[in-house]
Amino acid sequence: MCVLSSNDDCIVALTPEAKALGIHRGEPIFKVRDIVKQHNVVIFSTNMYLYAAMSKRVTNILRNSVNYVENYSIDESFCCLDGYEKYYDLGDFMRKIAEKIRLYKDIPVSIGVAPTKTLAKMGSKFAKNYKGYSSVCLIDNEEKRRKALSLFDLGDVWGIGRNTLAKLNSLGVDNPLQLADKSESWVKHYFTAPMYHTWLELNGKPCIDTAEMLQNKSVTTSRSFGEMITTIDLLKASVATFASSCANKLRAQHSVAGKVTVYLLSNRFRNDLDQYSNAATKPLLVKTSDSIEITQAALDALTDIFKPGIYYKKAGVILTDVTDASGIDLDLFDPIKNRQERYNLMTTIDSLNHRFGIKTVQLAVEDTQGDSWLPKSEHRSGNYLTDMDEILTIKI
DNA sequence: TCTGGGGTCCTAGGACCC
DNA sequence: TCTGGGGTCCTAGGACCC
C-alpha cells in the first residue's frame, strides 16, 4: 500500500511490501505505474483531516496517562517522566500506555525512554524494529547508551540529515558512538550550534526544547494546482482560498499575524514553458486574524506579482509576525472602526462552520470557479471520524 | 500527461546607524 | 600612498524535521 502527497503526485508513505517491490518514498507515482498495476498496489490519496482526527484521539490517551505531554508532530509526542521512576517501573508504565492505544485505536506504537529526546527517539526506533522490546525500549544507563549508540544508524539520528552525514563520514565518523565520543572542541570546530546540541543530547545532556515550538511563528497554506492555470481570476480564487484558510488556522490557535506574503510558481519541470516565480509581502497595519483583511491583503500582493502569459503550477500564502492574540497594538489611523464587531463576525462564522461543516459560510471571492485548479485526490479515504456523511459503513 | 505541504533554526552578507 | 570600530536589523539560502 502507498499513500500519496497532495495532488496525488508523490509517494509519501508506503508499507514494507511496497518497498520490497522497489518503490521508494518521495518518488512520483507516474514513474511506478507499471509496478502498481502489475502487483495490485493499493493507493490512497492523503487525507489530513482523517489523520489529524486520529492523532488527536491517540494524544488524548497519552494526556490522560502522563502529566506533561508535548505534541511534537502528528504522530510523535514527548512525555516528561521526571519523578515517575520513584513510583513505577518505567518500562511497565509505558508498555501499558502502548497497549491501551492498541486496544482503543488499533494503532501500533513504539516508545523510547531515555534522558534526552534524541536518545528517546533512538529508543523508539529500536522498539519499532525489534519485537522483543514489546513496544518499549529503555536507554537508562551508561552501558545501554553506549551499546545503543554503537548499533544505531548515524543517518537516522535526529538532526543528522543527508549533508551532515556526508560531512561526518568524510571526517571519519561512521556511527553515533564515535560522534558522541568526540571532544566538545572538535564538534565546535567542524560544526555549528544545531550539531553541538545533538552531540550534547547523545551524551545524555538534555538541551533540545520542543515546548518553544508549540507556538507557530508562521502559518502557510499552499497547493500545487490540479491543472496549470493562466488567468488572474483563477489565481485570485485560489489565493483567496489559501488566505482564508490561513486566517482560520490563526484563529484556531488564538494568534494574530502582522504580514501577509503571496508567492507564485510556474512549473519547474516543464523546460518548454517560460519559468517565473515571485513573491510579495503586505504588512497589516494592525495585527489580525480577520479573514476579510488577510484575504484583501493577499489579493493586493497577488496583483503586484501577477505576470500574464505564464502557466502557474503553484501558489501559496504565508502569514508571518505571528503572535498571541492578546495584547495587539492598536493604531490611531486604523480604517476598521469597530474591531470587536469584526471579531464577533469571525467567531460567528467559525461556529457555523464548526457546527454545519467547513465552508458552510465563506467569502464570495473564495468561490473556486470550477474545480480545474483544485488538487487531485482520486483515492481519498473517507472522513470516518469527522463527517457524518462519510462515516464507515459495515455490511453484516 | 505527471514531481507535496508545513514548519524551524542558523548563518553570512548587505544595509544602515553612530 | 590610501579607507575604522562597534553595533543592529533584515533577508536569502541552506539544512533539517515530520
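## The β2-β1-β3 sheet

In this predicted model, 3 strands make up an open sheet with mixed pairing, ordered β2-β1-β3. The edge positions are taken by β2 (11–14) and β3 (43–44), each of which has a single partner strand, so one side of each is left without a neighbour in the sheet.

Strand β1 (residues 2–4) and β2 run antiparallel and are joined by 3 bridges. Across this pairing, leucine 4 stands opposite isoleucine 11 in β2.

## Chain A overall

Chain A contains 13 helices and 12 strands. Along the principal axes, its C-alpha atoms fill a box of roughly 65 × 60 × 60 Å. Of the 396 residues in the chain, 38% are buried. When contacts between residues at least 6 apart in sequence are considered, 66% of them join residues at least 24 apart.

The accessible surface of chain A is about 23,500 Å², and carbon and sulfur atoms account for 53% of that area. The chain carries 49 positive and 47 negative side chains; the centres of these two sets are 3 Å apart.

## Nonpolar cores

The largest nonpolar core has 34 residues, and within this core Val317 and Leu319 touch the most other members. At least two residues each are supplied by β8 (219–229), α11 (232–252), β9 (255–266), β10 (277–288), α12 (291–305) and β11 (312–320). Helix α11 gives the largest share, 10 residues.

With neighbours within four places in sequence set aside, the contacts of leucine 319 are Lys217, Ser218, Val219, Cys246, Ala247, Leu250, Ala257, Lys259, Val260 and Ile294. Another core, of 25 residues, lies apart from the largest one; its members include Leu119, Phe126, Leu177 and Leu202.

## Helix α10

Helix α10 (residues 193–202) is largely enclosed by the rest of the structure, because 7 of its 10 residues are buried. The buried positions in α10 are Met195, Tyr196, Thr198, Trp199, Leu200, Glu201 and Leu202. Of these, Leu202 is also among the members of the 25-residue core.

The packing partners of the buried α10 residues are the helices α5 (117–129), α6 (142–151), α7 (162–170), α8 (176–180) and α9 (184–190). Glycine 204 follows α10 and has a positive phi, near 85 degrees.

Technical notes: Residues numbered from 1 in each chain as written. Chains lettered and ligands numbered in written order. Predicted model: local features only at pLDDT ≥ 70, side-chain atom pairs only at ≥ 80, totals over all residues. Heavy atoms only, no water. Helix = DSSP H or I, 4+ residues; strand = E, 2+ residues; numbered from the N terminus. Buried < 20%, exposed > 50% of the residue type's maximum accessible area, 1.4 Å probe, protein only. Contact = heavy atoms within 4.5 Å. Areas by Shrake-Rupley, 256 points an atom, 1.4 Å probe, with all protein chains shown as cover. Lys, Arg positive; Asp, Glu negative; His and termini not counted. Charge placed at Lys NZ, Arg CZ, Asp CG, Glu CD. Pairing = 2+ DSSP bridges. Core = buried A, V, L, I, M, F, W, Y, C linked by side-chain atoms within 4.5 Å.
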